[in-house]
Amino acid sequence: MSNKFIVTGALLLVISDNAFAYIDPGTGSVAIQAIFAIVASSYFWLGSAMTRIKLWFSYRSGEK
Amino acid sequence: MMTVHPASFRDRAGAVFTHNGVLFRRISVIGRPDYEFLMASGLYQKLSDADHIVSHVEVGQETAPPGLEWSDGELIIQPDLVSVLVYPYEWCFSQFREAALLTLDTCLDAIQSGMILKDATPFNVQLKSGRCLFIDTLSFTKYHEGEPWVAYRQFIQNFLVPLLLMSKVSPDLNSLLSVYLNGIPLNVAKAMLPRRSALNPLIFLNVYLHANYETKFADVREKPRVKLSRAQLVNSLKLLRKMVEGLSLHQSKTTWSNYYQETNYTSDSLAAKHQQVLRLVKSVGGKFDRILDLGANNGTFSRLVSPLASMVISADIDPLAVDANYHINRSHGITNIVPLRIDFTNPSTSLGWACRERDSFFARCQADLTICLAFIHHMVISANVPFYEVARALTLLSPNLIIEFPDRGDSQVVRLLAQKPENHEYNVEAFEQAFDAYFETQEKVNVQGTKRSLYRMTRRQQ
């Protein structure tokens, strides 16, 4: 996955300031963990999607 | 007599103690449900079979040693012993990275079995048989779907940040953990990392933004209501793993990292030194429990003497030399050498709660024999420590000593003395006189083809 995507995703999530406004001391970490979890899931989802696309293309080129 | 280990007081789930010199772990009523789940879920067996966690046996009333008692509802287990405790501020980069990967893998395995690690500190990992081993059986707790990882920040501050600093700033910066025993503060990490590190989105998120959020939410009082699915949690751990795995040492050369390539020995004289050292060690007699090799560089002589000892503690100040030592031992399948990074002019002291939580280097690393090769001139000339002080310090470590003395004509000594006054105290007479007050010389031999001598000494009764 391109770094640009991660940066954009993280920034979009960071902008939502009020979402974690109720969190107790020290749990700025929990907010970060939530953002990181979304980034991580996107990373692996995209990785797996790319693999499938590549496989599909290689299968198609094999057919020809 | 029962003595609770001074580092084992924070976890209400249990404590490590010794009873008549044997190590046990008490599992309290609070810790028992998680322990029983760990055993029943098959997680312990899986980790133990993979040599990822220290193995243990449960102590029953009928097998308990005399005098060992415990309350109703408690359990006692007897873990396998780790021969020597080496702390994360003494590790090399590769060991640190392996410990971080072990922690993440253990956490991923735990999640598969319905558990999770409730803490993530490198003090839960030790080196045994040449490999990292998780030693805290009570770090596991039941995982509840939706809960974030409670040890996430601890992992970042105790594993990821030290590794980033070692990788991107200086390979010895894990020594900061001796100042920040509970993890390097994110603001400190942010200030120390090169600015370009912030261009990496994963570092930006976990260090820079994390530091800002900690400050931002410092005064908020409500309990967090953030939920993470199991898949999100697993993906986070896997991505952290990928980050850690991708880290490497940026610096490739230090003062002593190429010592054996840039040495003043010819191959004949080096072979002669090998022979002499081996003969002198054998002449001390018997099989050693422990040999301490000070100034070990990449462990060449530690490996030479390792068949003669149950364990060799192989210490050096140079982080890259210690890293090379770790790699060579791993690639040769040598399991009884413990490499550690120690500045002998400023070794690890007793640290932590009541100054008893983490023992000093001198308390942990006593041995039957100390070997100091290519060592004394650095202490006396570079570090300005008088001969008698070096001798006195060495008496605290072992009753036997093999020490090399390079004479003033040796090229390394000439180089070190170049910036010193001409009447510098460094000479063989001063060395022998100072050491004679603390050690009795049993044998002295010259290393063929060099201006160096080897001494075998025994400690005098004080």
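1. The model is a predicted one, in which local features need pLDDT of at least 70 and side-chain atom pairs count only at pLDDT 80 or more, while totals for chains, interfaces and linings use all residues. Residues are numbered from 1 along each chain as its sequence is written, and chains are lettered from A and ligands numbered from 1 in the order in which they are written.

2. Helix H10 itself runs over residues 319-332 of chain B. Its 14 residues reach 20 Å from the first C-alpha to the last, close to the 20 Å expected at 1.5 Å a residue; the expected span is 1.5 Å times one less than the number of residues. Which residues of H10(B) are buried? They are Pro319(B), Leu320(B), Ala321(B), Val322(B), Asp323(B), Ala324(B), Asn325(B), Tyr326(B) and Asn329(B). A residue is buried if 20 or more other C-beta atoms lie within 10 Å of its own, exposed if 12 or fewer, and partly exposed in between, with C-beta atoms placed from the backbone. The cover over the buried residues of H10(B) includes helix H3 (93-112), strand E11 (309-316) and strand E12 (337-341) of chain B.

3. Helix H13 of chain B (residues 387-395) has Phe387(B), Val390(B), Ala391(B) and Leu394(B) buried. These four lie on the same side of H13(B) because they cover an arc of only 100° around the axis; the arc is that of the directions from the helix axis to the C-beta atoms. An α-helix has 3.6 residues a turn, so residues three or four places apart point the same way. Among the elements covering the buried residues of H13(B) are strand E13 (369-372), helix H12 (376-382), strand E14 (400-406), helix H15 (428-436) and strand E15 (439-446) of chain B.

4. Two packed helices are described by the angle between their axes and the distance between the axes. For H3(B) and helix H4 (residues 152-168) of chain B, the angle is about 150° and the axes are 10 Å apart. Axes are lines fitted to C-alpha atoms, for helices over the stretch in contact, and angles run from 0 to 180 degrees between N-to-C directions. From H3(B), the contact involves Phe93(B), Phe96(B), Arg97(B), Ala100(B) and Thr103(B); from H4(B), it involves Phe155(B), Phe159(B), Pro162(B), Leu163(B) and Met166(B). Contact requires that the C-beta atoms of two residues, placed from the backbone, lie within 7 Å.

5. Two residues of helix H14 (residues 411-417) of chain B can be taken in turn. Leu416(B), which lies in this helix, is partly exposed because 18 other C-beta atoms are within 10 Å. Leaving aside neighbours within four places in sequence, Leu416(B) is in contact with His377(B), Ile381(B) and Ser382(B). Leu417(B), also placed in H14, is partly exposed with 16 other C-beta atoms within 10 Å. Not counting residues up to four places away in sequence, Leu417(B) touches Ile381(B), His424(B) and Tyr426(B).

6. Most residues other than glycine have a negative phi, and most peptide bonds are trans.

7. Asp343(B) is found in the loop between E12 and H11 of chain B. With 16 C-beta neighbours inside 10 Å, Asp343(B) counts as partly exposed. Ala64(B) lies in the loop between strand E4 (56-58) and strand E5 (75-79) of chain B, and its 15 C-beta neighbours inside 10 Å make it partly exposed. From Ala64(B) to Ile76(B), 12 residues apart along the chain, the C-alpha separation is 9.0 Å.

8. Chain A has two helices and zero strands. Of its 64 residues, 30% are buried.
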